[in-house]
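My notes are below the display.

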Amino acid sequence: MPHRTTNRPADAIALDGGGATRGIHHSLTATGTHRTDPRPHVVIIGGGFAGLSAARALANAPVRITLLDRTNHHLFQPLLYQVATAVLNPADISVPIRWLLRNQQNATVVMAEVDRIDPQARTVSLDSDTVRLSFDYLVVAAGARHAYFGHPEWESHAPGLKSVEDALEMRRRFLLSFEAAERASAAGERDALLTFVIVGGGPTGVELAGMIPEVTHHALTGEFRRIDPRQARVLLLEGGPRILPAFPEELSAQAQRDLESLGVEVRTRCVVTQVDSDGVVAGGERIDAHTVFWGAGNQASPLARQLGVALDRAGRVVVNPDLSVPGHPEIFCVGDMAATTTADGAPVPAVAPAANQMGELAGRNIARHVAGSATSPFRYVNKGELATIGRHKAVAVIGGVRLRGTLAWLTWLFVHVLYLVGVRNRVSVVVQWAYQYFTFQRGVRLITGTTVHRLLKASRAAHEKRRVA
């Protein structure tokens, strides 16, 4: 089926009179895209793995592309936890989207916030509805955020890990807790400040939990005079029967043993029922902690709800086999926005390889649609599962082969360097890893934002409250 043109002019923007709107219009047309350009217009929402793969798959197609993202960078999310634990800089795992698409002449990058999608009118509204983009094809790759199971108020007390801002906030809270504990006057107050709770036993939670003891037992040793960072307590709480549920049971058990050998308290079948500024209630027990990190679930971008189609429990669009939205063959949902299954009926995991594969297929299907050819169904190729726990400690399943220990750890290192975008980032990450490996130090221990005085004030108030109770 050939593409259907809209009744709007073929430019990307429908102007509504504002000066800011006109400025954005001029910035787009200055790249060579003209109002009368007859090529179908493809709008891609999101510059993550799926969005970028879709854009690249259309590099040689007779279309013009507008890629929208609220940030100016593509982020390698699998290594965000290393930013949160002071191993890497944000710049080590992020690359400007414009730079990535600089040689693709049919692609325009626009940094903007998407407010609304109108599937019937085929428009996307940006920046508080000051700009409307018309599209012939739409790829929704807006990703996901943390799911707090009906308790959005928990987010301020237990940040998740999806963006650079999330990672920097985690790093700030993590490092600040030691500074506050050094100044704390009561033992109970120090204990709460040196207790770290990670909620969720998936790869993010496991990798965070495994990294913290390396910092407390090595990087911070000998730097404080009133506290011993090695006395820090780390708890990993998982509501299900085992951590890393996507892995074979024997590897999940190995990962738990590895964490426990590092001093991490792993609690399974331990459901969190309350999170506040002073700690959590889990498994019926109150755990006093001023630092709680969240890795327990994902919720697709709320943009999915605007498509007016069926969603799964995580808010993802239940897509057609070719990743198009039911009733809208011109709209595709990919990555963490799409609910689809493998050949054996299992859910496709929310991992980078799956997002890359979905984005690439969506791009190729749009090209087929433009050419009047039939689209192809999505078939997920599982390239393996990887999770690292610590130095020489990891688990992996590659091509059906189960790995653990040093070999799995080396495989994890190689795969993550391979998937990083850009030579500079690969070199920078390898240098930082080598520095950390040989010195046990962290090179990125900058604390910004809230002062230690404010955290001390809050911790003292919480300690007094517990003492009176």
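These are my entries, one topic at a time.

**Ground rules.** I am working on a predicted model, where local features need pLDDT of at least 70, side-chain atom pairs count only at pLDDT 80 or more, and totals for chains, interfaces and linings use all residues. Residues are numbered from 1 along each chain as its sequence is written, and side-chain values use heavy atoms, with hydrogens and water left out.

**Parallel sheet.** I took helices (H or I, at least four residues) and strands (E, at least two) as DSSP runs, numbered from the N terminus. Strands pair if DSSP finds at least two bridges between them. I looked up an open sheet of four strands and found the order β14-β13-β12-β18, with parallel pairing. Its edges are β14 (265–267) and β18, each pairing on one side only. From one strand to the next, the twist averages 15 degrees; axes here are lines fitted to C-alpha atoms (for helices over the stretch in contact), and angles run from 0 to 180 degrees between N-to-C directions. I then checked β12 (195–199) against β13 (233–237) and got five bridges, running parallel. Val-197 has Leu-235 in β13 as its bridge partner.

**Antiparallel sheet.** Next I traced an open sheet of three strands, β15-β16-β17, with antiparallel pairing. β15 (272–276) and β17 (285–288) are the edge strands. β15 pairs with β16 (279–282) over four bridges, and Val-275 sits opposite Val-280 in β16.

**Hairpin.** β7 (114–118) and β8 (123–126) run antiparallel, joined by four bridges. I found Arg-116 opposite Ser-125 in β8. There are four residues between the strands of this hairpin, and Arg-122 takes a positive phi near 55 degrees.

**Helix pair.** How do α10 and α11 cross? The axes of α10 (405–419) and α11 (423–439) come within 9 Å and cross at roughly 150 degrees. The two are therefore roughly antiparallel to each other (angles under 35 degrees count as roughly parallel, over 145 as roughly antiparallel, 65 to 115 as roughly perpendicular, the rest as oblique). For contact I required heavy atoms within 4.5 Å. On the α10 side the contact includes Trp-409, Trp-412 and Leu-413, and on the α11 side Val-430, Trp-433 and Tyr-437 are among the residues. By class, the contact has eight nonpolar residues, one polar and one charged. I counted Ala, Val, Leu, Ile, Met, Phe, Trp, Tyr, Cys and Pro as nonpolar, Asp, Glu, Lys and Arg as charged, and the others, Gly among them, as polar.

On a 1 Å grid over the protein atoms alone, a cavity is a set of points where a 1.4 Å probe fits but cannot get out; a pocket is an open set with protein on both sides within 12 Å along at least five of seven lines, and lining residues have an atom within 4 Å of a point. Grid points are joined across faces, edges and corners, and a volume is the space filled by probe spheres set on the points.

I count one cavity of 30 Å³ or more. The largest cavity holds about 50 Å³. Helix α9 (352–371) gives the largest share of its lining, three residues. That lining has eight nonpolar, two polar and two charged residues.

The second largest pocket holds about 370 Å³. Of its 15 lining residues, Arg-172, Arg-173, Ser-277, His-290 and Leu-455 lie nearest the centre. α5 (164–183), β18 (291–294) and α12 (452–468) each give two or more residues to this lining, which divides into five nonpolar, six polar and four charged.
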